[in-house]
Each structure stands twice: as structure tokens, then as C-alpha cells.
Amino acid sequence: MRIGSHVQMKAPEYIEGSVKEMLSYNANAMMLYTGAPQNTLRKAVNELHVEQAKQLLAEHGLSMNDVVVHAPYIINLGNVEKEETFRLGVDFLKKEIERVEEIGAGILVLHPGSFTKATPQAGIRRIIDGLNEVLSDGQTVRIALETMAGKGSEVGRTLEELKEIIDGVKKNELLGICLDTCHLHDSGYDVSNFDALLDDVDRIIGLDRVLAMHINDSKNVRGARKDRHENIGYGEIGFETLCDIVHNPRTEHIIKILETPYVNEKPPYKQEIENLRNRTFTDVK
């Protein structure tokens with residue numbers, strides 16, 4: 001099982017410190033941001049201790065193939081109303097792809113975008129335009145469009161919306177999806193029958209396009225469209241269902257990342273990962 005969590009990336013060790021945090025959770029995968037997700041401030045990649053991180057990963061039989069990067073939240077390719085917001089998203093996503101290439105990771109998870117006061121179809125067309133500008137020949141990083149909860153004007157609430165984006169992009173061999181259990185549940189999908197859901201994914205998009213998974217319980221009833229993550233086994237999805245999901249043989253090769261809330265200001269990931277691996281629930285609160 002390739003499983004880990006979101007980890008911090010901060011001074012002075014940057015990505016090397018991220019790897020150390022991952023290892024402290026007995027994880028064998030991780031997800032990070034290359035800088036603060038709310039702004040465009042970024043350190044040069046040559047300051048991020050990349051080579052030290054790669055060496056530490058190698059010492060534990062891992063590599064940058066076990067690292068997922070998440071694009072910052074400020075990127076909104078779906079904004080139809082404000083050209084400056086769309087251009088910021090396109091320009092910064094290009095730079096972020098270059099940074100991920102330089103770091104050596106292969107997957108960049110992206111929230112598709114929000115259509116704000118326009119229509120979902122207009123937002124989808126705008127996202128397609130943006131991705132057609134961003135994706136380039138020779139690029140190795142693949143973008144995983146995340147399944148969204150449908151909060152507000154989010155695009156990506158349904159598999160069909162993600163398929164429409166993928167089908168509209170010229171270099172769509174560089175596109176895949178990231179299945180988020182909380183978001184799927186909150187958008188209305190029944191994740192308790194995960195094989196049936198995977199059948200739908202395969203029919204609509206293709207299982208080969210599932211590049212990453214986010215494993216989160218949900219504070220909300222199914223279909224609430226609120227996107228509030230809960231710790232594993234404390235929410236509406238439940239421990240057994242999440243265990244079934246992470247142990248499903250059809251997705252065993254896919255990196256699974258926990259994004260659950262801190263408990264008493266401390267990360268619960270070591271225990272949650274152990275619980276999921278062993279299918280034995282131990283309290284984290």
C-alpha cells in the first residue's frame with residue numbers, strides 16, 4: 001500500500017524536512033505544496049534541499065515517484081468574469097509545472113476551478129482554454145484534476161464534468177484525476193460501494209487516469225456539498241468503508257494521501273495510517 005499524508009514544507013530543511021515528517025508517520029508516500037497555497041511567493045527550487053530529499057528517500061527504498069505536489073488554491077482557471085484572475089491562474093500554473101518538473105515529482109493535483117457568477121458550462125470551457133495554454137510538448141508532469149464536493153460554484157462535482165474537461169484538452173495524455181473520498185461523498189456519490197464507483201470511473205473516464213487518491217472521512221451527510229474533512233472513522237463515511245477503499249486491489253498501485261484535521265494541534269497521520277493498514281481502529285482523539 002502506497003499511503004501517506006499531506007506534509008509541511010518549511011525552512012530550514014524544506015523538502016528534506018518533508019521527507020523526515022513522512023518517515024515519522026511510517027508512511028511511504030507524501031503530498032506537499034511548493035510554497036504557501038494561498039499566495040504566489042516561492043523559494044527557488046535550488047534552495048529547497050531537493051537532492052538531500054532524494055537521497056533520504058532512496059535510503060528508504062523510495063523516490064520522487066512517491067511524492068505528489070498539490071497546486072495552490074489561488075489558481076482558478078474557471079473564472080469567466082475576471083481576465084486578470086484567469087491569467088494569474090494560467091501563468092502561475094505554468095510556473096508550478098516547471099517547479100514540479102525541476103523537483104522531480106510526476107503528479108500535480110489541481111482543483112479544476114470555479115465558474116463564479118457564470119454557468120458550469122462556461123467554467124468548463126474556460127478551464128479547457130487554460131489547460132490548453134498550460135500543457136506543453138516535452139512535459140512529463142501529469143495534472144490530476146481533483147473530484148470536488150460541489151461547494152459554491154466548483155467545477156468537478158461529477159465525473160462527467162471532469163471527462164468533459166479532459167476530452168476538450170488537446171494534450172490530454174497529460175491529464176488524469178485525483179479521487180477524494182470526502183469530496184465524492186459530499187457531492188453525492190456512494191463510496192460505500194467502491195467497486196461500483198470504480199466501474200463508473202472506468203466507464204466515464206478510465207481507471208488508467210486515476211493518478212492519486214485523497215483519503216478523508218466527512219463531517220457531512222452524503223450529498224451535502226459542503227467539503228468538511230473529518231478524521232478517519234469519525235465521520236459519515238466510516239472506518240470500514242475507508243479501509244475497504246484503501247485495500248481495494250484495483251487501486252493498490254495508486255498513491256493515497258490523508259488530508260484529515262489535526263487533533264489538539266497535532267497531526268494524527270501516524271496512527272491513522274496504521275489503523276488503515278491494519279484495519280484496526282485505535283482512537284486518535
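Modeller: Two strands pair if DSSP finds at least two bridges between them. Helices (H or I, at least four residues) and strands (E, at least two) are DSSP runs, numbered from the N terminus. This is a predicted model, where local features need pLDDT of at least 70 and side-chain atom pairs count only at pLDDT 80 or more, while totals for chains, interfaces and linings use all residues. Residues are numbered from 1 along each chain as its sequence is written, and side-chain values use heavy atoms, with hydrogens and water left out.

Colleague: Fine, let's start with strands. How many bridges join S4 to S5?
Modeller: S4 covers 107-110 and S5 covers 142-146. The two strands run parallel, and the number of bridges joining them is four.

Colleague: And which residue in S5 is the bridge partner of Ile 107?
Modeller: Here "buried" means under 20% relative accessible area, exposed over 50%, partly exposed in between (1.4 Å probe, protein chains only). Four of the five residues of S5 are buried, so this strand is largely enclosed by the rest of the structure. Across from Ile 107, the partner in S5 is Arg 142.

Colleague: Now H3. How far does it reach from its first C-alpha to its last?
Modeller: H3 takes in residues 83-103, which makes 21 residues. The expected span is 1.5 Å times one less than the number of residues. That gives an expected 30 Å, and H3 comes close to it, reaching 30 Å.

Colleague: Which helices and strands are among those covering the buried residues of H3?
Modeller: The buried residues of H3 include Phe 86, Gly 89, Val 90, Leu 93 and Ile 97. An α-helix has 3.6 residues a turn, so residues three or four places apart point the same way. The cover, judged by contact (heavy atoms within 4.5 Å), includes H1, H2, S3, S4, H4 and S5.

Colleague: What is the relative accessible area of Leu 77?
Modeller: Leu 77 lies in the loop between S3 and H3. Leaving out residues up to four places away in sequence, Leu 77 touches Phe 86, Leu 93, Arg 126 and Leu 131, among others. Leu 77 counts as buried because its relative accessible area is 1%.

Colleague: On to rings. Which residue forms an edge-to-face aromatic pair with Tyr 25?
Modeller: Rings of Phe, Tyr and Trp (its six-membered ring) pair if their centres lie within 6.5 Å; planes under 30 degrees apart count as stacked, over 60 as edge-to-face and the rest as tilted. The count comes to five aromatic pairs. In the one you ask about, the rings are 5.6 Å centre to centre with 70 degrees between the planes, and Tyr 25 is paired with Tyr 269.

Colleague: How many residues apart in sequence are the parts that this pair ties together?
Modeller: Tyr 25 is buried at 7% relative accessible area, and Tyr 269 is buried at 3%. Tyr 25 lies in the loop between H1 and S2 and Tyr 269 in H9, so the separation in sequence is 244 residues.

Colleague: Is H8 largely enclosed or largely open, and how many of its residues are buried?
Modeller: Among the buried residues are Phe 239, Leu 242 and Val 246. These buried residues of H8 pack against H6, H7, S7, S8, S10 and H9. H8 is largely enclosed, because the buried count out of its eight residues is six.
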